[in-house]
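This report is meant for a reader who is meeting the structure for the first time. Please look over the sequence and the model below before going on to the notes that follow.

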Amino acid sequence: MLCLAVSSGGWLRGALSLSGASSEEELSAAEMERYSSLASRPLDLNSSSRSKLESSGLLSPYQIAVLLDARSSGGDICSYTELASLDGFGMEFVEALRPFVTLDGASLSGPPGRRGFSVDGLVRAQVKDSGFSPSCKLNASYSDILDASLSVSGASLCGFSLNLSPRRSPLSIIAGDYYARFGQGLVLWNGFSLSGVGSPESIRRTPYGITPCNSFSPGSHMRGLAVSYAPGRLVISASYDVGGCAVGALSYSSNRSTFGLTFLSSGTSLCAGVDAVSTIGKATLFAEAALDLRSLMPAAVAGGCWNAGYRRSLTFALRCYPYDFSNEFSSPLKTFSSPRGETGFSAGWKHGKLELTMDVSDNRYKEKSSLKSSLVFNPEFKFGELSFSPYIKAVARYRPQDKCPLRLECRTEVSAGYCGFVSHIRSDVVNCSGISYHAYAELGYRNSFTLFVRASIFKVDDWNDRIYVYERDVPGAFNVPARYGRGFSLAAYASYRGLSCRVAAVRYPWSEGRDDVTELRLQWNFDSQKVKRRPRPRAGA
């Protein structure tokens, strides 16, 4: 099985690397919206305040402390090579970060970032067999100091937030919707959480504290008031959710380590935890221990990462979440949807473009156990204007309690692009209760005008064998349908100067009881202050 394609955009590849997901299908709609918004409004690493860096959710507290120290001692970061040389960054992380940041700085000619008042957003109209659905999203900002956002779908308010982060103040205030992510997720982690291990990066969590949220998608975000105060290397956070959840957190970053304390109280949960991350040479150790203060039952996760060199690393983690450890806001590394009663071990190895992962778990609360391993190989070749990128992913999962214990998956792709023309062919084969498959071919052109056309065919006779496939959509929208039945689909996407259109149809001529689906989506993206940002050139960049 071999296929032809190009990546869905540099920011999407970066989002996968930063989130720890191995494919688009593992990301949530809200997380995709967040990264799409960050790509459309890149963060200036040279002029943004500490509170602005924290609220972006792109950097850990330790990375922020290192960046601010470098800025104060050496001035602006002038190249991505220089950024990669900072402790805690590295070239691989910087490559993933590039779509979401700039290095403009205050010393360059022209306005850095967004000055004055600006408004951007989108207006979307969707027509489906079920009816008509309008929606809109607005983002307003004032000089990167005050940010306000609002999402409305039909007559329903989906999300809103107001983020105040004065440029020279360590204080940040968020009113409305926000994500709270601390430690390794034992006490509090919401917004996006992977179930299982999809890549070596997914084994270790990177806590970002409290960040604003504005999404069409209902998710596990919190709604209320949150405050962060960061004097120097110390970060103090507090929040209160309208549901009655109160959170207090404290973290401190030294030259090689980060330590944190988190306390959570709600109507159903009362929990406290301590976490730490420390780097010694090429090794990084991480751990979190938490205590359910009502049952006095502890839980813990601990692991390490050995970085042998560029794109060469070994990561592992042990976890134990006893049955009596109960916290509805807990979402650490886990195999099943709920971590309660789970014990497990995960490991991942990366060598160049090859990734191997393994996860073993036993959940006594759900009376289930699982053994899963995966292999991903994704090299990239360039010959002048021609790019070529094959992709192979193989997954084997064994769950003895299931009706069909063994599930085998194989996904293959090949990507090619030349002078704006791109092609994409992909195939998925699943062997569980039977043999199921999905395949598509996509051709397109990307420039000032963009056009993509896709045709697919699938055969999935059992719901347990369903195949999720990411589909190209208008900016900020995320579409991952579950293919089930026997049929085919056709889709076309076009965009020009902020106007985007997607039309798709799914037909089931070889299945009974399945309804055909037709969908049309129109969108207009607007920005009152479109500013081109270019990093300052520097030798060795």
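## Confidence of the model

This is a predicted model, and the mean pLDDT of the protein chain is 88, with 94% of its residues reaching 70 or more. Over residues 107-113, however, the pLDDT is below 50, and this stretch has 14 contacts in the model beyond near neighbours in sequence. The pLDDT is also below 50 over residues 531-541, a stretch for which the model shows 22 contacts beyond near neighbours in sequence.

## A buried serine

Serine 118 is placed in strand 3, which covers residues 117-128. Is serine 118 buried or exposed? With a relative accessible area of 0%, serine 118 counts as buried, because this value is under the 20% that sets the limit for that term. The side chain of serine 118 is joined to the side chain of serine 141 by a polar contact of 2.9 Å.

Elsewhere in the chain, Met358, Val360, Leu371, Tyr398, Leu406 and Leu408 together make a nonpolar surface patch of about 470 Å². At least two residues of this nonpolar patch come from strand 18 (354-363), and at least two come from strand 22 (406-418).

Leucine 371, one of the residues that make the patch, lies in strand 19, which runs over residues 368-377. Leucine 371 has a relative accessible area of 41% and is therefore partly exposed, since that term applies to values between the 20% limit for buried and the 50% limit for exposed.

Methods
Residues numbered from 1 in each chain as written. Predicted model: local features only at pLDDT ≥ 70, side-chain atom pairs only at ≥ 80, totals over all residues. Heavy atoms only, no water. Helix = DSSP H or I, 4+ residues; strand = E, 2+ residues; numbered from the N terminus. Buried < 20%, exposed > 50% of the residue type's maximum accessible area, 1.4 Å probe, protein only. Polar contact = N/O pair within 3.5 Å; in protein donor to acceptor, adjacent residues only side chain to side chain. pLDDT = per-residue confidence, 0-100. Contact = heavy atoms within 4.5 Å. Patch = residues over 30% accessible without salt bridge, like charges linked within 9 Å, V, L, I, M, F, W, Y side chains within 5 Å. Areas by Shrake-Rupley, 256 points an atom, 1.4 Å probe, with all protein chains shown as cover. Salt bridge = Lys/Arg side-chain N within 4 Å of Asp/Glu carboxyl O.
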